[in-house]
Amino acid sequence: MKRFNMVFTVVVLIFLYVPMIVLGVASFNDGKDIAVFEGFTLDNYADLFVDHTLVPLLINSVIIALLSSLIATLLGTMASMGIHAMGRRARSLSMGLTNIPLTNPEIVTGVSMGLLFAFVGTLLKTQNILGFTTLLIAHVTFNLPYVILSVMPKLTQMDPNLEEAALDLGCTPGQAFFKVVLHEIFPGVISGALMAFTMSLDDFVISYFVYGPSFMTLPVEIYTMVKKPLQPKIYALFTLLFIAILLVMCVMNLLQARDDKRGHALNNKRRRNA
């Protein structure tokens, strides 16, 4: 059974990562046909970094991802604190409502937000409402549930007596939060922020319905390019994005592993003291 599980896992990993490997090899191909490797070259990466269209759009995507992840992390952490302080039924209801956007199809979310912004534009009597602001609002909105789901388990695992002890020792509520609560839930906050950043960086479906001509992100532009034969520099761009997201996910896993190890050590210490 163990051998079957190992073989099955290897097959799944092959299906997941072989396309990425092919993409990476194509990014170093001297020819335009990915089926024929004509020679090794770095010209595709050089062409990418001097491109006057893709690089600014990549910067736009990074700006939106950074701002939306920071705002979503701040709001999501505050929301998690509020949900955690609720009663059992209210907490269950709130978490159920939080999970709905995760299961809702992205195209439904994108269309609904596009209609909402169009309605607001009608009220404000403007036809140019779509742009940077609408993109930022949309990205913050769909990132919030990921932050809440990352922070809530840390709040549940935290010993409630720690905050009370800090208050008894003279800390103000603000000091108790930053010195005790935030320290305990910090791994969840970082994991939520990294997850929000990766989700925002490569989002296309929702962005497609809320972007404007004044501010466009890279995934939207790439969608218009796939209607024609892709240039080799696009393969280089895809490879760099994949590596960046892979590194972020590795950092998330390392933080989670370190936090789990720390949690096990604390539990063992408490058991020995008990």
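1. F177 is partly exposed, at a relative accessible area of 22%; here buried means under 20% relative accessible area, exposed over 50%, and partly exposed in between (1.4 Å probe, protein chains only). At 58% relative accessibility, F178 counts as exposed. The ring centres of F177 and F178 are 5.2 Å apart and their planes stand at 80°, so this pair is edge-to-face. Rings of Phe, Tyr and Trp (its six-membered ring) pair if their centres lie within 6.5 Å; planes under 30 degrees apart count as stacked, over 60 as edge-to-face and the rest as tilted.

2. On provenance, this is a predicted model, in which local features need pLDDT of at least 70 and side-chain atom pairs count only at pLDDT 80 or more, while totals for chains, interfaces and linings use all residues. Residues are numbered from 1 along each chain as its sequence is written, and side-chain values use heavy atoms, with hydrogens and water left out.

3. The protein contains 11 helices and 0 strands; helices (H or I, at least four residues) and strands (E, at least two) are DSSP runs, numbered from the N terminus. The C-alpha trace spans about 70 × 65 × 35 Å along its principal axes. Of the 274 residues, 34% count as buried. Among contacts with a separation of 6 or more, 75% come from residues 24 or more positions apart, where contact means heavy atoms within 4.5 Å.

4. The largest nonpolar core comprises 24 residues, and V151, M152, L155, I185 and V210 have the most contacts inside it. Such a core is a set of buried Ala, Val, Leu, Ile, Met, Phe, Trp, Tyr and Cys residues joined through side-chain atoms within 4.5 Å. At least two residues of this core are supplied by each of α3 (54-84), α5 (106-123), α6 (132-157), α8 (173-201) and α9 (205-210). The largest share, 10 residues, comes from α6. Beyond its neighbours within four places in sequence, I185 is in contact with T77, V151, K154 and L155. A second, separate core has 12 residues, including L48, M216, I222 and M225.

5. The axes of α3 and helix α10 (residues 218-225) come within 8 Å and cross at roughly 140°. Axes are lines fitted to C-alpha atoms, for helices over the stretch in contact, with angles running from 0 to 180 degrees between N-to-C directions. L54, L57, L58 and S61 of α3 meet L218, P219, E221 and M225 of α10.

6. Helix α10 is mostly covered, with 6 of its 8 residues buried. The buried residues in α10 are L218, P219, V220, E221, I222 and M225.

7. The structure holds 10 aromatic pairs. In one of them, Y17 and F242 have ring centres 6.4 Å apart and planes at 65°, so the pair is edge-to-face. Y17 lies in helix α1 (residues 2-27) and F242 in helix α11 (residues 232-273), so the pair ties together parts that are 225 residues apart in sequence. Y17 is partly exposed, with a relative accessible area of 38%, and F242 is also partly exposed, at 26%. Separately, F204, Y208, F209, Y211 and Y223 form one aromatic cluster.
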